[in-house]
Amino acid sequence: MATSSPFALDDVPLRSRLLLGSAGYPSPEVLRQAITVSGAEVVTVGLRRQLTAGRDNGFFDIIRACGVRLLPNTAGCRTAREAVTLAHMARELLGTHWVKLEVTGDDYTLQPDVFELVAAAAQLVRDGFAVFPYCTDDLVTCRRLLDAGCKVLMPWGAPIGSGQGLLNPFALRTLRLRLPDVTLIVDAGIGAPSHAAHAMEMGLDGVLLNSAVAHARDPIRMAQAFRDAVTAGRLGYEAGLIAPQDMAVPSTPVTDRPFLV
């Protein structure tokens, strides 16, 4: 069976290029099964939400029992200072220096505040964190985050939870072209397996999603669908997609030989 090329985050080798969220599932058992079926090895968790719910509610134990790496996020933070504080709490409570950095700047789109995001990223890198910033698809912002010391970027496909897919494929293709050696994971807005496959066919390194699985009629089967879509999309990219043509090109020539030899 064909497999895609090796993948790693923060020098940690991973088999799956699908990262999964953990919020909004109908039950802990459905969450557990969805993680298992998806093949995901990294699951993001909202520390602020879980601290509000209570530290001893067993949520983190459920995730850990799946044998995955926890990626705490700073969802809900509005300033760099708030995000940095929450990241330090996550490192102390969960024993990981990984953090998915989120700093929200707008209540309607939940678009990141890029100024606070870059400031928080720079501070957390200095503090020894591996920072995975959730950002827009703006090339200049992404370069500022790289200058701050980030090795992984998580540009959005569309606003969080919208399910609209890749609203600006041009911007994502530009990021891939201009940042060829940077790990790029599309985060937010993915609504269907075809959206994930599209991102992977464009050469993005991975996909992180939550609502599309958690809110599906059958989250477990949807997790499987996304697993297969991410794999298929990456294999298609690595195999080499044919270039689109403006006119028909016969796939079965009536002359010459059947093989290009």
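Strands are here DSSP runs of E with at least two residues, and helices are runs of H or I with at least four, both numbered from the N terminus. The model under discussion is a predicted one.

**The largest pocket**

Strand 4 makes the greatest contribution to the lining of the largest pocket, supplying three residues. Strand 4 spans 42–46, and at least two lining residues each come from this strand, from helix 2 (47–53), from strand 10 (206–209) and from helix 9 (211–214). The space within the largest pocket amounts to about 630 Å³. A total of 34 residues line the largest pocket, and those closest to its centre are Ala75, Lys100, Glu102, Ile160 and Asn210. Sorted by class, the lining comprises 15 polar, 13 nonpolar and six charged residues.

**Positive phi angles in loops**

In general, most residues other than glycine have a negative phi. Asp11 is not a glycine, yet its phi is positive, at about 65°. Ala188, likewise not a glycine, has a positive phi of about 90°.

| Residue | Phi | Loop between |
|---|---|---|
| Asp11 | about 65° | strand 1 (7–9) and strand 2 (12–14) |
| Ala188 | about 90° | strand 9 (183–187) and helix 8 (193–201) |

Are Asp11 and Ala188 buried or exposed? Asp11 has a relative accessibility of 76% and therefore counts as exposed, the cut-off being over 50%. Ala188 has a relative accessible area of 9% and is therefore buried, the cut-off being under 20%.

Key
Residues numbered from 1 in each chain as written. Predicted model: local features only at pLDDT ≥ 70, side-chain atom pairs only at ≥ 80, totals over all residues. Heavy atoms only, no water. 1 Å grid on protein atoms, 1.4 Å probe; cavity = no way out; pocket = protein on both sides within 12 Å on 5 of 7 lines; lining within 4 Å. Points joined across faces, edges and corners; volume = space filled by probe spheres on them. Nonpolar A, V, L, I, M, F, W, Y, C, P; charged D, E, K, R; others polar. Buried < 20%, exposed > 50% of the residue type's maximum accessible area, 1.4 Å probe, protein only.
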